[in-house]
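Let's walk through a protein model together, one piece at a time. Keep the picture beside you as you read.

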Amino acid sequence: MKSIYLYLACMLSISLFACQGTGRYPDTRQGKLEALPSDYEFIDIDGTRHLLRDIKGNYKLLVFYDPSAVESQQEIAVMKQSVPLAHLIASGKLSVLAICATGDLRFWSSYRKHIPAQWLNGFDIKGEERIKSYFSISSLPGLVLLNNENQLIKIEMGYESLLSFFEQ
């Protein structure tokens, strides 16, 4: 019986120690992706196929969304009205790629007028499950920030986290 209590005490102390301080421990969501993001393929509004490596910009923000979901609609509306985001895009520091992740072309076609003209509007033919496994996204909308070499900077960050990254 003593060994069980000793085991529980050790596990409790390890978990308490591991939870202290946020500055020392790296964000596990900032590791490497299993697949190469530069090989990620999507189509644009005209039906032309693209690879992520063809998109230019110091940073690339991928916005994966479901046009029928309220959460995605709200996130895109907030980002669309953002002056700091517009400045980042206009200065060439950031390219924004909105990817419809639902696998339904009809929803994508009906929602495309809500995507700003400065953003590249894309569609993943292979659907939401591929996006979730390819980019390790657990829910939509999902934001992924890559550098100009398509290396992962941040994944599933909030919009505010994105702005704070560029303010540093």
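Helices (H or I, at least four residues) and strands (E, at least two) are DSSP runs, numbered from the N terminus. What you see is a predicted model, in which local features need pLDDT of at least 70, side-chain atom pairs count only at pLDDT 80 or more, and totals for chains, interfaces and linings use all residues. Residues are numbered from 1 along each chain as its sequence is written, and side-chain values use heavy atoms, with hydrogens and water left out.

Let's begin with the whole chain. The protein chain has six helices and seven strands, and along the sequence they follow the pattern α-β-β-β-α-α-β-α-β-α-β-β-α. We call a residue buried if its relative accessible area is under 20%, exposed if it is over 50%, and partly exposed in between (1.4 Å probe, protein chains only). Of the 168 residues of the protein chain, 39% count as buried. Contact means heavy atoms within 4.5 Å. Among contacts between residues at least 6 apart in sequence, 65% join residues at least 24 apart.

Now find helix H2, residues 70-80. Which of its residues are buried? They are Ser 72, Ile 76 and Met 79. Seen down the helix axis, these buried residues fall within an arc of 65 degrees, so they line one face of H2; the arc is that of the directions from the helix axis to the C-beta atoms.

Ser 82 is found in the loop between H2 and H3, and Ser 82 is buried, with a relative accessible area of 8%. A polar atom of the Ser 82 side chain lies 3.1 Å from the backbone nitrogen of Leu 85.

Leu 85 also takes us to the nonpolar core. A nonpolar core is a set of buried Ala, Val, Leu, Ile, Met, Phe, Trp, Tyr and Cys residues joined through side-chain atoms within 4.5 Å. The largest one has 26 residues, of which Leu 61, Leu 85 and Trp 119 touch the most other members. The elements giving two or more residues to this core are S3, H2, H3, strand S4 (94-100), H4, S6 and H6. H6 gives the most, with five residues. A second, separate core of 17 residues includes Phe 42, Ile 99, Ala 101 and Val 144.Helix H3 has another residue worth a stop, Ile 89. At 17% relative accessibility, Ile 89 counts as buried. Not counting residues up to four places away in sequence, Ile 89 touches Leu 94, Val 96, Gln 118 and Trp 119.

Next, look for the rings. A pair of aromatic rings is described by the distance of the centres and the angle of the planes. Rings of Phe, Tyr and Trp (its six-membered ring) pair if their centres lie within 6.5 Å; planes under 30 degrees apart count as stacked, over 60 as edge-to-face and the rest as tilted. The structure holds five aromatic pairs. Tyr 59 and Phe 166 form an edge-to-face pair, 5.2 Å centre to centre with 90 degrees between the planes. Tyr 59 lies in strand S3 and Phe 166 in helix H6, so the pair ties together parts that are 107 residues apart in sequence. In Tyr 65 and Tyr 111, the ring centres are 5.7 Å apart and the planes are at 45 degrees, so this pair is tilted. Here Tyr 65 in strand S3 is linked with Tyr 111 in helix H4, 46 residues apart. Are these two tyrosines, Tyr 65 and Tyr 111, buried or exposed? Both are buried.

Our last stop is Asn 150, in the loop between S6 and strand S7 (152-155). Most residues other than glycine have a negative phi. Phi of Asn 150, however, is near 60 degrees, a positive value. Asn 150 is also buried, with a relative accessible area of 7%.

Conventions
Polar contact = N/O pair within 3.5 Å; in protein donor to acceptor, adjacent residues only side chain to side chain.
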